[in-house]
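Hi there,

Here is the structure I promised to pass on to you.

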Amino acid sequence: MHKHDLIPYLLLLGDSALIQGQRLCEWCGHAPALEEELALMNVGLDLVGQARNWLEYAAELADDGRDADALAFRRDERAFRNLLLVEQPNGDFAVTMTKQFFYDAWHFAVLQGLSESCDERIAGIAAKALKEVTYHLRRSSEWVQRLGGGTDESRQRMLAAIPALWRFTVELTTGSDNEVQLAAAGIAADPVAVGAAWLEQVTAIFDSVELPLPKAASHFYLSGRQGLHTEHLGLLLAEMQFLPRAYPDATW
């Protein structure tokens, strides 16, 4: 396969981590407790660091003069390849943790597959990230159980959060033709195996606190992998990219 075939996949990984990290950092000063604010910020910073690793590799393969910072701050909405799930607004704490759990379960399965990639660069990045994401998944799983099996108020908020986010999970259980080909070449994680592992993890956690599992999402009219996003990504990027675009020659 040509090296440029790998770039969309690296952008999927890097953009998803970057946007999810940005969303978590929006909780700074607004989290329900100091300990949770610190935890959310730490997870967000982990994801931003992982995003840099993926985007640096994508920039090297593209070899067009851009670096990881340029990919993060100088691309428009349609050039981003992140999952639709991660660009959704934080909502209340139940929405945030449900979204984090859905993403973590997918992210963990993907990194497990990538840690065995025949591409040494990918395997190395994935192995390092997997250590962090193992903690992320444990934490978000425990919060889903705590909220879903907690008070009447927390359970009702979970019951509202799940269907609001579920339609976006179709991207977590399916992959593009490019990903299927990369997986067959031993480079990417097998999207079929990832989808099965994701569903198994979500089912187990939901069953543990008797949260209803919606019917599997089979289609959504937008696609983050193709740069077709919801209206929320443009607003997020307008804030995230403001300073680098306003002062393109600034140095720290």
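Let me begin with Glu36, which is buried at a relative accessible area of 14% (buried means under 20% relative accessible area, exposed over 50%, and partly exposed in between, with a 1.4 Å probe and protein chains only). Its salt-bridge partner is Arg139, with 2.1 Å between the closest N and O atoms (a salt bridge needs a side-chain nitrogen of Lys or Arg within 4 Å of a carboxyl oxygen of Asp or Glu). Glu36 belongs to helix α2 (residues 34–62) and Arg139 to helix α6 (residues 120–148), so this pair ties together parts that are 103 residues apart in sequence. Arg139 is buried too, with a relative accessible area of 10%.

Before I go on, a word on the basis of all this. This is a predicted model, in which local features need pLDDT of at least 70 and side-chain atom pairs count only at pLDDT 80 or more, while totals for chains, interfaces and linings use all residues. Residues are numbered from 1 along each chain as its sequence is written, and side-chain values use heavy atoms, with hydrogens and water left out.

The overall fold

The protein has 12 helices and 0 strands (both are DSSP runs numbered from the N terminus: H or I of at least four residues for helices, E of at least two for strands). Its radius of gyration is 18 Å, which agrees with the value near 18 Å for a compact globule of 252 residues (taken over C-alpha atoms; the globule rule is 2.2 Å times the number of residues to the power 0.38). Along the principal axes, the C-alpha atoms fill a box of roughly 55 × 45 × 35 Å. Of the 252 residues, 50% count as buried. Among contacts with a separation of 6 or more, 79% join residues 24 or more positions apart (a contact means heavy atoms within 4.5 Å).

The core

The largest nonpolar core has 80 residues, and the members that touch the most others are Leu6, Tyr9, Trp54, Phe102, Trp106 and Leu114 (such a core is a set of buried Ala, Val, Leu, Ile, Met, Phe, Trp, Tyr and Cys residues joined through side-chain atoms within 4.5 Å). Helix α5 (residues 93–114) gives the most to this core, with 13 residues. Leaving aside residues up to four places away in sequence, Tyr9 touches Val110, Leu114, Asn178, Glu179, Leu182, Ala188 and Ala189.

More salt bridges

Glu179, one of those neighbours of Tyr9, also pairs with Arg225 in a salt bridge (2.5 Å, N to O). Glu179 lies in helix α9 (residues 177–184) and Arg225 in the loop between α10 (191–208) and α11 (231–240), so the pair ties together parts that are 46 residues apart in sequence. Glu179 is buried at 6% relative accessible area, and Arg225 counts as buried at 16%.

Arg245 and Asp76 form another salt bridge, at 3.0 Å from N to O. Here Arg245 sits in helix α12 (residues 242–246) and Asp76 in the loop between α3 (68–73) and α4 (84–87), so parts that are 169 residues apart in sequence are tied together. Arg245 counts as partly exposed, at 38% relative accessibility, whereas Asp76 counts as exposed, at 52%.

Finally, Arg52, Glu56 and Asp69 are linked in a network of salt bridges, and the structure holds 11 salt bridges.

Best wishes
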